[in-house]
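Please look over the sequence and the model shown here, and follow the paragraphs with both in view.

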Amino acid sequence: MSSDSPDAPLTGSPFVSPAAPGTSPHTAPQFAPPAVPVVAAPMAGGPSTWQLAVAVSAAGGLGFLAGGMRPVDQLTADVEAARQVTDRTIGVNLFVPEPANTAIPASRKAPGSEARRRRAAEVAAYRSALLAEAAALGVDLPGTDVPPTQGPAVNPDAMDGWDAKLQAAEAGAWPLITFTFGLPAPEVFDRLHAAGCVLGVTVTTVEEATAALAHGADVLSVQGPESGGHRSVHDPQAAPATTALAELLAEVRAGVGPQVPLFAAGGITDADGVRAVLAAGAAAAQCGTAFLRAEEAGTSALQRAVLEQTAAGTRFTHGDGSARTALTRAFSGRWARGLENRFMRDHADAPAAYPEVNVLTQPLRAAATAAGDAEAVSLWAGVGAARTRVAPASEILADLTP
C-alpha cells in the first residue's frame, strides 16, 4: 500500500501494486513512483550500504542495494537486514555478466574465437604495463592464466554469482530489480516477473531502451554522460554516448512513449535538477554522487576526504570550482566517470575488458587506498562532485525534494 506520507504505517510495498485479478504474471506487479521522486543510485564497491538504502526509502525516496561484485550471501544478508528495519521497498541492482548479456554478439563471446584471442593479448599487455605500479605499491598482480581455484581469475566469463543471485531474487520475491552492464535474455525477465518482481534496465541510448522493453523491462533508468561511476553501455566494446541527459531523456521518452516509467540519472545534485527531469517526463531523478558523503554511506575514508577537498575547491577541481572528472577504463575495463587522477591519465589505453581489468587492478587499488594515495585509486563520482556534503541521507533527500 502506498502513501503520500513517509511516516504512515505500511502493510505492503509502497512502490509496486498487485496486478488486477486475472492478469498474467508477466504484467503483475506495476511500478508506482515513490512519494519523494528521488532514487538513490546503486553504487557498487562500498557506498550503497543497506543502511543508506533504508534511510532513503524510509524518508519517502527509493533506496537501492548494489549487487554487482557482491557475493550472493552478503547481498541476501543485506536484503534481510533492510527488511528487518523497514517494509518500504528497497531495490536491488545486478551486474549482467558477459555470458548473460544478449547485447554482445555470440561470435565475440565464443571461446577460442579471434575476438577472444585478441582480448586476451590486450589484457596480458595491460598487465605488463601495470607491473611498475605493482612494484611501487609492493603488491603482486593476478596472473592471466591462474585457475580460479588458485587465486583471482582473470576471466572474461566470470559470472559474479549471476545464477545464485537470480535464484535468491526469485525465492525472496525481491520487489524491484534493475540490471546494469547489459541486457539479459527475455527468459530472465519472464522468470522474475513470475516471482512478482518489477524489473528495470539501465540504458544509455534510445536503441538500448527499446531493446530493454522488448525483453520485458517495466522501468528504465536513463543514464546520461554526466553520471558518476560506470556507464551502462550494453555493448562494452561500443563508445559511450555523449548526448547530455536532458536531450537523451527527451529522445528516450519520444522513443518509448508516455507510459514507461523513467528514472533520469546524470549530474543531479539539487532540487532544481530534480524538477527539470520531472518536467521532462521522468518519474524520478536517480542520484548517486549526492549521497556519497551521506552518514549512512559506505564510501571509503579516502574518497570522503577527497570529496571534502573537492567541495572546498582545493583539489580535483577546475578554476570555476567545478569537479574535474573524466571517463576511464583504466581501473575496471569498462568506461566509468571519476575524479581525474594520475592513474587515469597514465593508463588511458586500458582495454575494453571487464571483469579482467577490474581483477588485475584490485590489489593496486587496495594498496593505494591503504596508503592514502588518491592518485592511484578509482574515485567514482559525477560532474556534480563539488556539490556534496556530509549529512544524514534523509537531509540530503530533503535537499533534493522538489
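In this predicted model, three strands make up an open sheet with antiparallel pairing, arranged in the order S9-S13-S12, where strands are DSSP runs of E with at least two residues, helices are runs of H or I with at least four, both numbered from the N terminus, and two strands count as paired if DSSP finds at least two bridges between them. The edges are taken by S9 and by strand S12 (325-328), each of which has a single partner strand, so one side of each is left without a neighbour in the sheet. S12 pairs with strand S13 (residues 336-339) over four antiparallel bridges, and the bridge partner of Leu327 in S13 is Arg337. S9 is joined to S13, again in the antiparallel sense, over two bridges, with His230 standing opposite Ala336 in S13.

Residues are numbered from 1 along each chain as its sequence is written. Local features need pLDDT of at least 70, side-chain atom pairs count only at pLDDT 80 or more, totals for chains, interfaces and linings use all residues, and side-chain values use heavy atoms, with hydrogens and water left out.

A second open sheet has eight strands with parallel pairing, in the order S3-S11-S10-S8-S7-S6-S5-S4. Strand S3 (38-40) and strand S4 (63-66) stand at its edges with a single partner strand each, so one side of each lacks a neighbour in the sheet. From one strand to the next the twist averages 25°. Within this sheet, strand S6 (residues 176-180) and strand S7 (residues 198-203) run parallel and are joined by four bridges, and Ile177 stands opposite Leu199 in S7. Helix H5 (residues 162-172) lies across strand S5 (90-95) and S6, and runs at about 160° to S5; axes here are lines fitted to C-alpha atoms, for helices over the stretch in contact, and angles run from 0 to 180 degrees between N-to-C directions.

Among the helices, what is the crossing angle of H4 and H12? The axes of helix H4 (residues 114-137) and helix H12 (residues 356-371) come within 10 Å and cross at roughly 5°. The two are therefore roughly parallel to each other, a term for angles under 35 degrees, while over 145 counts as roughly antiparallel, 65 to 115 as roughly perpendicular and the rest as oblique. The contact (heavy atoms within 4.5 Å) involves residues including Val123, Tyr126 and Leu130 of H4 and Val357, Leu360 and Leu364 of H12.

Two loops carry backbone features of note. Tyr354 and Pro355 are joined by a cis peptide bond, with omega about 15°, and Pro355 is placed in the loop between helix H11 (342-346) and H12. Asp160, in the loop between H4 and H5, has a positive phi of about 55° although it is not a glycine.

The count of salt bridges (a side-chain nitrogen of Lys or Arg within 4 Å of a carboxyl oxygen of Asp or Glu) comes to 19. In one of them, the side chains of Asp235 and Arg108 meet at 2.6 Å, N to O. Asp235 lies in the loop between strand S9 (229-230) and helix H8 (245-256) and Arg108 in helix H3 (residues 106-109), so the pair ties together parts that are 127 residues apart in sequence.

Finally, the protein averages a pLDDT (the predictor's confidence in each residue, from 0 to 100) of 92, and 91% of the residues score at least 70. Over residues 1-26 pLDDT stays under 50. Where pLDDT is low, the predicted coordinates should not be read in detail.
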